[in-house]
Amino acid sequence: MKKLLIINGPNLNLLGVREKEVYGTQSFEDYLVELKAEFGDRAELDYFQSNHEGALIDALHDARNRYDGVILNAGGYTHTSVALADAIGAVAACGLKTVEVHISNIAARESFRHVSMIAPRCAGSVAGFGMQSYRLAVYSFL
């Protein structure tokens, strides 16, 4: 059984109540219940969310000795954080694979969202499938 950590970055604690036309109406906590039910016999899923860049980096560092992989939706830090990209690279060098996830299709949004600072350090990226993007990322580890 794979042990995976899902990390959500800034503002993703407001899923289900913010910009419903972009992010939908379901909270991540409710969606996580569905994911755990679906993958319970194949993957153990843990969850961490923070609006703080350093906390996300600490979670990545801590994950390297505890998890088989990380699913990361870095939110706005995707487009701005060299430090987060470096942390992904550091844990990758230790053998921990990270898959980047986005609920919306970042390539179809504002131009500043078209560049992901973290994508080059991730094993892969899933974007534009709503909450199903997380499901697809879990499959990438199985």
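**Close-up 1. Asn73 in strand E3 of the predicted model.** Asn73 is buried, with a relative accessible area of 3%, where buried means under 20% relative accessible area, exposed over 50% and partly exposed in between, for a 1.4 Å probe and protein chains only. The residue belongs to strand E3, helices (H or I, at least four residues) and strands (E, at least two) being DSSP runs numbered from the N terminus. When residues up to four places away in sequence are not counted, Asn73 touches Ile7, Asn8, Gly9, Leu12, Val101, His102, Ile103 and Tyr134, contact meaning heavy atoms within 4.5 Å. This is a predicted model, in which local features need pLDDT of at least 70 and side-chain atom pairs count only at pLDDT 80 or more, while totals for chains, interfaces and linings use all residues. Residues are numbered from 1 along each chain as its sequence is written, and side-chain values use heavy atoms, with hydrogens and water left out.

**Close-up 2. His102 and the UniProt annotations.** An unreviewed UniProt entry places the feature "active site" at Tyr23 and His102; UniProt positions are given in the numbering used here, feature names are shortened, and annotations may be inferred rather than shown by experiment. His102 lies in strand E4 and is buried, with a relative accessible area of 5%. Not counting residues up to four places away in sequence, its contacts are Asn73, Thr78, Val126, Ala127, Gly128, Gly130 and Ser133. For "binding site", UniProt (unreviewed entry) lists Asn73, His79, Asp86, Ile103, Ser104 and Arg113; these span 41 residues in sequence and the farthest two C-alpha atoms are 23.9 Å apart, so they do not all gather at one spot.

**Close-up 3. Ser104 in the loop between E4 and E5.** Ser104, situated in the loop between these two strands, counts as buried at 10% relative accessibility. Its contacts, leaving aside neighbours within four places in sequence, are Val22, Arg109, Ala127 and Gly128.

**Close-up 4. The open five-stranded sheet.** The strands follow the order E2-E1-E3-E4-E5 with parallel pairing, two strands being paired if DSSP finds at least two bridges between them. Strand E2 (43-49) and strand E5 (124-127) are the edge strands, each pairing on one side only. Strand E4 (residues 97-102) runs parallel to E5 and is joined to E5 by four bridges; Val99 has Gly124 of E5 as its bridge partner.
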